[in-house]
Amino acid sequence: MVKNWLFGKKRKEDADALATLKGQQNRLQAEARNLERQSDEQKILASKMLKAGNKAGARQALKRRAVFMKRLNTVHNTAMNLQAQIDSIQTATSTAETVKAMELGTKVVGEKIKTVSPERTERVMDSVMEQRDQIEMMTEALSDPSLSEGILDFEDDAAIDEQLAQLEAEMDLGTTTSLPDVSGLPSTPVGTGEKEEDTSELEAELEGLKKKMSEDKQ
């Protein structure tokens with residue numbers, strides 16, 4: 001229906017109406033140019049007669065010019081009305097096409113909506129929410145620190161707590177002269193053929209800490 005309206009009989013009628021109006025408008029523009037020329041000629045004639053001393057002839061020329069000017073004004077007004085009519089048809093055509101297009105769009109949207117019920121939409125949203133919750137649970141599981149903390153067993157934790165308590169007691173008494181015994185902690189095995197880790201910086205830091213503790217004691 002929309003295609004027939006856009007390219008069928010009504011579109012042809014619109015085109016014919018616009019062609020007729022524009023043709024009449026062109027005719028009026030030609031008539032206006034002719035009236036302007038005649039008006040100018042009468043003005044020049046009146047000027048010449050006045051210079052020749054023929055005042056009555058000059059007056060008649062100006063009367064004819066006034067008639068031409070009056071007709072010219074009528075032609076201009078008519079041409080303006082024709083242009084307004086042309087604009088109205090073009091605006092109405094554009095508006096009608098827009099309405100038809102929107103009607104077609106509304107029909108398509110309505111047909112699409114029929115294929116999706118509110119219940120189906122709700123099921124989809126519930127599924128989306130459930131998947132989101134599952135993703136959050138998996139993310140939390142992947143970032144759980146208990147895996148890395150579980151490297152040390154209960155005995156290791158007990159040894160660390162004992163050493164920490166001993167270190168705190170020595171610091172409170174101001175008698176700490178050595179680092180806590182770390183013999184209870186598990187040692188890191190060194191793979192065969194691997195280079196021994198460079199501990200020079202660590203030893204330097206230990207020496208500095210011992211020196212500071214000695215100074216605090218003094």
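**Close-up views of a predicted model**

**View 1. Asp16 and Lys12 pair within helix α2.** Asp16 is partly exposed, with a relative accessible area of 39%. On this scale, buried means under 20% relative accessible area, exposed over 50%, and partly exposed in between (1.4 Å probe, protein chains only). Lys12 counts as exposed, at 55% relative accessibility. The two residues form a salt bridge, with their closest N and O atoms 3.2 Å apart. A salt bridge here is a side-chain nitrogen of Lys or Arg within 4 Å of a carboxyl oxygen of Asp or Glu. Lys12 and Asp16 lie 4 residues apart in helix α2, so about one helical turn separates them. Helices (H or I, at least four residues) and strands (E, at least two) are DSSP runs, numbered from the N terminus.

The model is predicted: local features need pLDDT of at least 70, side-chain atom pairs count only at pLDDT 80 or more, and totals for chains, interfaces and linings use all residues. Residues are numbered from 1 along each chain as its sequence is written, and side-chain values use heavy atoms, leaving out hydrogens and water.

**View 2. Arg27, Glu31 and Arg71 form a network of salt bridges.** Glu31 pairs with Arg27, the closest N and O atoms being 3.3 Å apart. Both sit in helix α2, 4 residues apart, so the separation is about one helical turn. Arg27 is partly exposed at 42% relative accessibility. Glu31 is also partly exposed, at 25%. Arg71 bridges to Glu31 as well, with closest N and O atoms 4.0 Å apart. This pair links distant parts of the chain: Arg71 is in helix α3, Glu31 is in helix α2, and 40 residues separate them. Arg71 has a relative accessible area of 41%, which makes it partly exposed. The count of salt bridges comes to 4.

**View 3. The largest nonpolar core has 12 residues.** Its members include Leu18, Leu28, Phe68, Val75 and Ile89. Such a core is a set of buried Ala, Val, Leu, Ile, Met, Phe, Trp, Tyr and Cys residues joined through side-chain atoms within 4.5 Å. Helices α2 (9–51) and α3 (55–114) each supply at least two of its residues. The largest share, 7 residues, comes from α3. Val75 touches Leu28, Glu31, Ala32 and Leu35, not counting residues up to four places away in sequence. Contact means heavy atoms within 4.5 Å.

**View 4. Confidence is lowest in helix α1 and highest in α3.** pLDDT is the predictor's confidence in each residue, from 0 to 100. Helix α1 (residues 2–7) has a mean of 45, and α3 has 91. Over residues 188–195 pLDDT stays under 50, and the model has 0 contacts there beyond four places in sequence. Where pLDDT is low, the predicted coordinates should not be read in detail.
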